[in-house]
Amino acid sequence: MTILDGRKTSNDIKNEIKAEVDKMKADGEKVPHLAAVIVGNDGASLTYVGSKVRACERVGFESTMVRLPNTTSEIELLDKIHELNNNDDIDGFIIQLPLPPQINTQKVLMAVHPDKDVDGFHPTNFGKMALDMSTFIPATPFGILELIDRYGVETKGKHTVVIGRSHIVGRPMSILMGRKGFPGNSTVTLTHSHTKNITQITSQADIVISALGIPNFLKAEMVKDDAVIIDVGITRVPDDSEKGYYITGDVDFENVSKKASFITPVPGGVGPMTIAMLLKNTLLAREQHRQHNR
């Protein structure tokens, strides 16, 4: 059994990006600039954005954190997005979710210019991804592809079962695993909360990608020997420790790992890859803007 080590792989990617940024600096070029917009004081969101800012510092990117109060109206947020869309210094930006209830999330994500949508959430970029065109792939699916690629996990002709159909992970993952090329060329089954006989389906899978958000949902009896297990779930489960919680994934790691050929841990698997691929998308955005301005 091989651990798909997201921490190590994300560090490798950050080192590669840093080398490219160092070369940009040496050539007198503008370095990539990523902005993050956060509305309100959600603790988990502040932690995520903070780690993204630190990642930018590490690779030599410029970064801007735009913090808006919880009372921000939809119009005010849309004005801020318009401002970022028109700021040539910023190559890409993200809107940290969730947003307060007074704001229509779909409307906000639609307002981000596709050329700066480094989260890959805009319908233009999602459509390009579905058509196998070059675009920004959502960071978490992009990270999973990169792990599969770097560890040489065979996907061609394999049966991939995706659990969960969110627009951020499950649905894009099902499209990407079925596309031509590597990683891809697998036969994909997309399952969700209304799927019947899910154990019957997962136990036939060569690759299981679980993005459900239910702790320890995937049990050993639900997977076959030598299956590849990608655990996207990350849930805080309350306990009596000093922190008051522990973090676990969708997979019963202790038992499933005994049957798996490859498996991602939680934490330290898919999570660190998400930020690394956000940086990679920002680097791609910078390159596109540079070519466009020539």
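1. Helices here are DSSP runs of at least four residues, numbered from the N terminus. Keep that in mind for the labels below, and remember that this is a predicted model.

2. Start with helix H5, which spans residues 123-130. Just past the end of H5, Asp132 has a positive phi of about 65 degrees.

3. Which residues of H5 are buried? They are Asn125, Phe126 and Met129. These residues sit on the same side of H5, because they cover an arc of only 100 degrees around the axis. As for their partner, the buried residues of H5 pack against helix H7 (170-178).

4. Now the wider layout. The domain assignment lists domain 1 as 28-113 and domain 2 as 139-270.

5. On to the nonpolar cores. The largest one has 49 residues, and Ile17, Phe61, Ile144, Ile209, Ile230 and Val232 touch the most other members. Helix H10 (residues 270-292) is the top contributor, giving 9 residues to this core. Both domains take part too: at least three residues come from each of domain 1 and domain 2.

6. Take a closer look at Ile17. Leaving out residues up to four places away in sequence, Ile17 touches Val59, Phe61, Ala276, Leu279, Lys280 and Leu283.

Technical notes. Residues numbered from 1 in each chain as written. Predicted model: local features only at pLDDT ≥ 70, side-chain atom pairs only at ≥ 80, totals over all residues. Heavy atoms only, no water. Core = buried A, V, L, I, M, F, W, Y, C linked by side-chain atoms within 4.5 Å. Buried < 20%, exposed > 50% of the residue type's maximum accessible area, 1.4 Å probe, protein only. Helix = DSSP H or I, 4+ residues; strand = E, 2+ residues; numbered from the N terminus. Domains from an automatic or database assignment. Contact = heavy atoms within 4.5 Å. Arc of directions from axis to C-beta.
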